[in-house]
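Here is a short report on one protein model. Look at its helices, its core and its open space.

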Amino acid sequence: MRPIPNLIFLSRWLQLPLYLGLIVAQGVYVWHFWVELIHLVEAAMGDQEAVRKIVAAVTPAGQAVAPMTTPSETVIMLVVLGLIDVVMISNLLIMVIIGGYETFVSRMKLEGHPDQPEWLSHVNASVLKVKLATAIIGISSIHLLKTFINAAAYDEKTLLWQTAIHITFLLSAMAIAVTDRLMPQPKPHGARHAGGPVPAEAH
């Protein structure tokens, strides 16, 4: 390659620190997950400090923390939904790290590996956008469910705005999927047009 095109092509490696940073963020989410899980288990066993922490964690900002000696079913459900939210965000991070690196930086050469993600075999920029949009909808659904379960703690304006934002995410994902479907799909490598010339070996 000529020097300038080669330099431009090599610039894709500047994204590597970004993906490494997302791996660090993944570690932070793992730590947060285990801290919340330990607090939940301790609260279920009667630890008052743990009860106070998980109740404070699910109480909306600006509201007084309700005194409790044991976590209520609603509090436990909100904490569990928070853990599920962390897992879904972690899945989103993995999708961005692996899919983004494979698509924009360098091939990982995982063909034949028993742990290769099923979606990675056909990933490209368009597929990655659709999958990310779907993951964001899932995360938004968890947040909306947490709000509805604890609806008494929120005003009507907050509920309406969160619902409107979730619908906006849903419509955006549908628009991305439709746009991707309407765009011409790249032909597989080596594919021939129908009715094209037949190689001499086939005669």
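## Terms and model

Helices are DSSP runs of H or I with at least four residues, and strands are runs of E with at least two, numbered from the N terminus. This is a predicted model: local features need pLDDT of at least 70, side-chain atom pairs count only at pLDDT 80 or more, and totals for chains, interfaces and linings use all residues. Residues are numbered from 1 along each chain as its sequence is written, and side-chain values use heavy atoms, without hydrogens and water.

## The largest pocket

A pocket is an open set of points on a 1 Å grid over the protein atoms alone, where a 1.4 Å probe fits, with protein on both sides within 12 Å along at least five of seven lines. Lining residues have an atom within 4 Å of a point.

Four helices each supply at least two lining residues: α2 (16-44), α3 (48-58), α4 (73-104) and α5 (125-149). The largest share, six residues, comes from α4. The lining has 18 residues, and A57, V58, L78, G82 and K146 lie nearest the centre.

## The nonpolar core

The largest nonpolar core has 11 residues, including L40, I54, V58 and L83. Such a core joins buried (under 20% relative accessible area, 1.4 Å probe, protein chains only) Ala, Val, Leu, Ile, Met, Phe, Trp, Tyr and Cys residues through side-chain atoms within 4.5 Å. Its largest share, five residues, comes from α3.

## Helix α2

Buried residues of α2 are Y19, Q26, E36, H39, L40 and A43. They pack against α3 and α4, where contact means heavy atoms within 4.5 Å. After α2 comes G46, with a positive phi near 100°.

How values were computed:
Buried < 20%, exposed > 50% of the residue type's maximum accessible area, 1.4 Å probe, protein only.
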